[in-house]
Amino acid sequence: MAPALATQRWAARAPAAGRLFAQLAEAATWPPGPRRLREGGARRRAAARAAASIDVLDLSLPGAADRLDASFRATGFAVVTGHGVDYGALRQLRLKALEFFRSPLEHKQLFDKAGGEHKGARARGMHSRLLEGGRAVNFWRARGGLPRLDAGAPTDAGEAAPEPVPECVPGFREAAEGAQRAMHDFRLRLDGLVCESLGADPVAFPSKLDPFRAGMRLAYYPAQVTPPAPGQLRYGAHVDSGGMTVLVRDEAAQWGTQVQLHDGEWVDVPLVEESIVLNVGALLSRWTNGRWRASVHRVGNDAAERLSIVGHSVVFKADAEVEPLPSCVSPESPSRYAPIKAGDFLTERVRLHRDNYAEERGYSRAAAEQALSEQIRDYQM
Ligand SMILES: O=C(O)CCC(=O)C(=O)O
Ligand SMILES: [Fe+2]
């Protein structure tokens, strides 16, 4: 029997082991060449499926609110064009951010607040990211003021005092401010579109939001010079926590963002020039009573260096009470979620990710698993 056939049979009998074999085989040819990336069978199939699965919408055309509603109901994701954002400002931030992330570790460590009092930095996982060579730094807009580039992150409740970033990369601050400005109007427009899509009260809706708290995170994926371990991903499967995520992928290395559809299948987010990817977070899904899905997504392995700019819209005030919108509740679709304060919800979701969560909450080992799985279910959507 030919070895290849034997392998196929063995893989068919033991799918998990077969997958491992496939991963090892992939590792043996790491890094994947451009041809393999374009033409790999599984990837091509996934991409073909994605074309039919994740909508691409031109927001400059009439009916944008309804089309957004349909996309978010179906997958919780949409790739948008016609957004009006100055892409040049985003490109400039990408360049400066790459300069920062490629700079010596001592520079990047200036941003590591995890050992100090800025527990927000630790809570958001920046501690390990920065120590591993610099992967993320948060920006946010000071309340009511000009956009500022700040180190650390707000506390869980979003109340930490911002700290100015040391100028280790000339022009970084200006680039960040330029990108924030470029995004600001778009974020406001998205807030308006969401209100329209959901038929929400145009007075009550904006009063719950604070567009000036919308930040920008730079997620850096260093070039993968060694093959990933079996099952390892560039960004593990997760659901975003808050309102709407506004994701600008790296034009030079866009491949990798994948979404799990309702039927469990993973699909690629389509690659579209100068597009922005929108996706629904857990709190927004909850507010819509589950009408809009908060889908699980991840970033798959690719050898390329990559930088994603991750922003948000529909940013709730920490003390905003979030309960299913009346327009999303009906006799056929009764309210599924109790009212919750946005700040409390986000704090709890961040805590769920800590290793010592059960211990912090005083759960016994036996009770912990039960409580955790219930909490995760509650806080997932
Ligand atoms: O970088 C990407 O493509 C996705 C990042 C992401 O999912 C996130 O930051 O929540
Ligand atoms: Fe995400």
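The donor residues of the iron ion (ligand 2) follow the spacing H-x1-D-x56-H in sequence. D240 belongs to the loop between β8 (235-238) and β9 (244-248) and H297 to strand β13 (residues 297-299), so this pair ties together parts that are 57 residues apart in sequence. The model is a predicted one, and every value below was computed from it.

**The iron site**

- Three residues coordinate the iron ion (ligand 2): H238 through NE2, D240 through OD and H297 through NE2, at 2.1 to 2.2 Å.
- D240 is buried, and its relative accessible area is 14%.
- H297 is buried as well, with a relative accessibility of 7%.

- In the side chain of R306, an N or O atom is 2.5 Å from an oxygen atom of ligand 1.
- For D240, the distance from a side-chain N or O atom to an oxygen atom of ligand 1 is 3.1 Å.
- A polar atom in the side chain of H297 lies 3.2 Å from an oxygen atom of ligand 1.
- On its own, ligand 1 has 300 Å² of accessible area, and the protein covers 97% of that area.

**The nonpolar cores**

- The largest nonpolar core has 60 residues, and those that touch the most other members are L93, M183, F186, I276, L278 and F316.
- Helix α10 (residues 172-198) gives the most to this core, contributing 12 residues.
- Beyond its neighbours within four places in sequence, M183 is in contact with V85, L90, M216, V246, V248 and I276.
- Another core, of 13 residues, lies apart from the largest one, and V269, V277, V299 and V310 are among its members.

- D268 is found in strand β11 and is buried, at 6% relative accessibility.
- The side chain of D268 makes a polar contact of 3.2 Å with the side chain of W255.
- A further polar contact, of 3.1 Å, joins the side chain of D268 to that of Q258.

**Residues with positive phi**

- Most residues other than glycine have a negative phi.
- E274 has a positive phi, near 55°, and its place is in the loop between β11 (266-268) and β12 (276-280).
- With a relative accessibility of 34%, E274 counts as partly exposed.
- N289 likewise has a positive phi, near 60°, and sits in the loop between α12 (282-287) and β13.
- N289 is buried, with 2% relative accessible area.

Key:
Residues numbered from 1 in each chain as written. Chains lettered and ligands numbered in written order. Predicted model: local features only at pLDDT ≥ 70, side-chain atom pairs only at ≥ 80, totals over all residues. Heavy atoms only, no water. Donors = N, O, S within 2.8 Å, 3.2 Å for Na, K, Ca; no water. Helix = DSSP H or I, 4+ residues; strand = E, 2+ residues; numbered from the N terminus. Buried < 20%, exposed > 50% of the residue type's maximum accessible area, 1.4 Å probe, protein only. Core = buried A, V, L, I, M, F, W, Y, C linked by side-chain atoms within 4.5 Å. Contact = heavy atoms within 4.5 Å. Polar contact = N/O pair within 3.5 Å; in protein donor to acceptor, adjacent residues only side chain to side chain. Areas by Shrake-Rupley, 256 points an atom, 1.4 Å probe, with all protein chains shown as cover.
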